[in-house]
Amino acid sequence: MRLGSINGLRCKQLKLVILAFFMIFILWKWEEGTYYNTENLHPDSLVLTHPANSRFVDQHTSSEEDFPSVDSFPDSVVKVEKQATGAPPPLSAVSVSVDVADEKEASPSDPKECNHRNGIWVSDKRRPLYSGFGCKQWLSESWSCRLTQRMDFDYEQFRWQPEGCEMPEFEASQFLRRMQDKTIAYVGDSLGRQMFQSMMCMATSGKEREDVEDVGVEYGFILAPGAKRPDGWAYRFPSTNTTILYHWSSTLCDLEPLNSSDPTTSYAMHLDRPPAFVRDNLHRIHVLVLNTGHHWNRGKLRANRWEMYLGGVPNNNRNIAVIWKAKNFTIHSVVKWLDAQLPHHPHLKAFYRSISPRHFFNGDWNTGGSCDSTSPLAKGSGIFQNHSDDADAEGAVMGTRVKLLDITALSRLRDEGHISRYSIKATQGIQDCLHWCLPGVPDTWNEILAAQL
C-alpha cells in the first residue's frame, strides 16, 4: 500500500513537471511571435466607379476618383485594434515620450538600427523640397493644392525623423549622380503615380527642365486610340542617364484580353502572374517600387470586365475569390516571383510599398465623408511599433530579398495632407481623402526610398 501511494505521488509530480514545462514552452513561443497571426480579415467592398479612359477604370485622376468603401485599417493610430485572431496586436504610440514597442529598456550604449518606419514628424521651415507652382511640368493639376482654393499650407513644412538615425537631406543633383546610368520604376495604382510625380518634382527641384527627355515610347507608353492617357510615363535626365518611369498596374496582376478582336472583351486577371511590363523590362530596371491596394473591390472588377484567373484558367477556388484574399494572394505571388528573379538581376533593388491610408471621417467617399482638418499632427507626431500596419505587405516580403517600404503608420498621422474639398474639379459633397496634396506626404516616401538605396 505504502509503495503504491509513493508511486502515485511520484506520477502526479511528474505530470505537474511536464505540464509546467509545456506552459513555459507555450509562453516562450508566444513571446517569440510564432503563434501571432498577422493576417487581418478584410471585408469584401463594393464601389461605384467612374470611367477614366477607354480601356480600364483607373485611379489616374483625383476629383473623379472612386474610393473603396471600406478601409482595411483603423481610423486612427490612437486606437489599437484587436486582430482577428485575438492575438496581441501591433503596438502603436503617438507620443514621442514612450516607446511601447519594446518592454525591455534599451541600454544607452546599445546602437539602434535605423528603422524608417518608426520615428516622429518634426517641423522644418526649409520645406517643401519644391514648389507646387513651379512643378507644373511634372505635376497633375488636381494634385497640386497650391493651384486650388486651399489657403493653409502648414502640411508642407514637416519632415520625417526616423528612430535612431539621421535621414540624409534629399539633394536633387546628388541623387541623380547616385542614380547615374540607372532606371527607377514605379509600378502600381494612382498612389504609385503620385509617388512618381513627387520624385520627378524632387529630382528637378520643381523647376522647368527642357533637357529632360520623354522616352515613354521606349517602354511602350503610347496613347492608344480613344484613350485619355497612356499606361505610363518615362523621362530621362541626359546629364546622368537616369530614367524615372511609372507604369499603371492597379492590381499588379497580368491582364490579358480574352478576345483581342472584340473591343468589349473581358480580361483575364491572372492572380499568379506579375504584370507583363515588369516581366519584359525587369532587366532594364535598377530600382523597382511596387504597390497595390485601393483597386481591389467588386465594382472595379465589374466595370473593367476583369475575371480572376489562376493557373491559366478561370479561378474556381472560392476561398481565393474573396476580394481581400485575392489581393493578399496576388501580393504574395508577385513578391515571391520577384524574389526568385533577384539572383539573376544583381543590379536590381526591389521594394514593395505598404498601403497608403485613407482618412474619411463621418462617412465614406460617397456618403459625405470628409477630411477637413487643417491642424497638422492633431492626433500625435510619432510612431513606435514592432509590426507594420499593413500586415499583408509585411507578411509577403518576410523571408525574401524584397524590401518593405513601410509608410502606412507614419502617413496615418497626416490626415490634414489630403486633397480634401480643394481639387480642381471638385464634385459637390465628395472629398478626396485618399490622394495627397503635392508637395506633401509622398515626398517623404521618396526620401525614405532614397535613404535605403
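With -105 degrees about the S-S bond, the disulfide of Cys-135 and Cys-201 is left-handed. Cys-135 sits in the loop between S1 and S2 and Cys-201 in helix H3, so this link ties together parts that are 66 residues apart in sequence. The structure is a predicted model, and in it the two sulfur atoms of Cys-135 and Cys-201 are 2.0 Å apart. Cys-135 has 1% relative accessibility and counts as buried; Cys-201, at 0%, is buried as well.

The count of disulfides comes to four. Another of them joins Cys-145 to Cys-437, with 1.9 Å between the sulfur atoms. The angle about its S-S bond is -80 degrees, and the link of Cys-145 and Cys-437 is left-handed. Cys-145 belongs to the loop between S1 and S2, while Cys-437 belongs to the loop between strand S16 (432–436) and H10, so the bond connects parts 292 residues apart in sequence. Cys-145 is buried, with a relative accessible area of 0%, and Cys-437 is buried at 0% too.

Strand S16 itself holds Cys-433, whose partner Cys-371 lies in the loop between strand S12 (349–353) and S13, 62 residues apart. Numbered in sequence order, the bonded cysteines of the protein chain pair as 1-4, 2-5, 3-8 and 6-7.

S2, S1 and S13 form an open sheet in the order S2-S1-S13, with antiparallel pairing. Strand S2 (158–163) and strand S13 (382–383) are the edges, each pairing on one side only. Strand S1 (residues 115–123) pairs with S2 in the antiparallel sense over six bridges, and Ile-120 stands opposite Gln-161 in S2. Helix H10 packs on this sheet, where it touches S1 and S2, and its direction makes about 130 degrees with that of S1.

H10 also meets H3, the helix that carries Cys-201. The axes of H3 (residues 190–203) and H10 (residues 441–452) come within 9 Å and cross at roughly 75 degrees. An angle of 65 to 115 degrees counts as roughly perpendicular, and H3 and H10 are therefore roughly perpendicular to each other. On the H3 side the contact is made by Leu-191, Gln-194, Met-195, Ser-198, Met-199 and Met-202, and on the H10 side by Pro-442, Asp-443, Trp-445, Asn-446, Glu-447 and Leu-449. By class, the contact of H3 with H10 has seven nonpolar, three polar and two charged residues.

Conventions: Residues numbered from 1 in each chain as written. Predicted model: local features only at pLDDT ≥ 70, side-chain atom pairs only at ≥ 80, totals over all residues. Heavy atoms only, no water. Axes fitted to C-alpha atoms, helices over the stretch in contact; angles between N-to-C directions. Helix = DSSP H or I, 4+ residues; strand = E, 2+ residues; numbered from the N terminus. Parallel < 35°, antiparallel > 145°, perpendicular 65-115°, else oblique. Contact = heavy atoms within 4.5 Å. Nonpolar A, V, L, I, M, F, W, Y, C, P; charged D, E, K, R; others polar. Pairing = 2+ DSSP bridges. Disulfide = S-S within 2.5 Å. Buried < 20%, exposed > 50% of the residue type's maximum accessible area, 1.4 Å probe, protein only.
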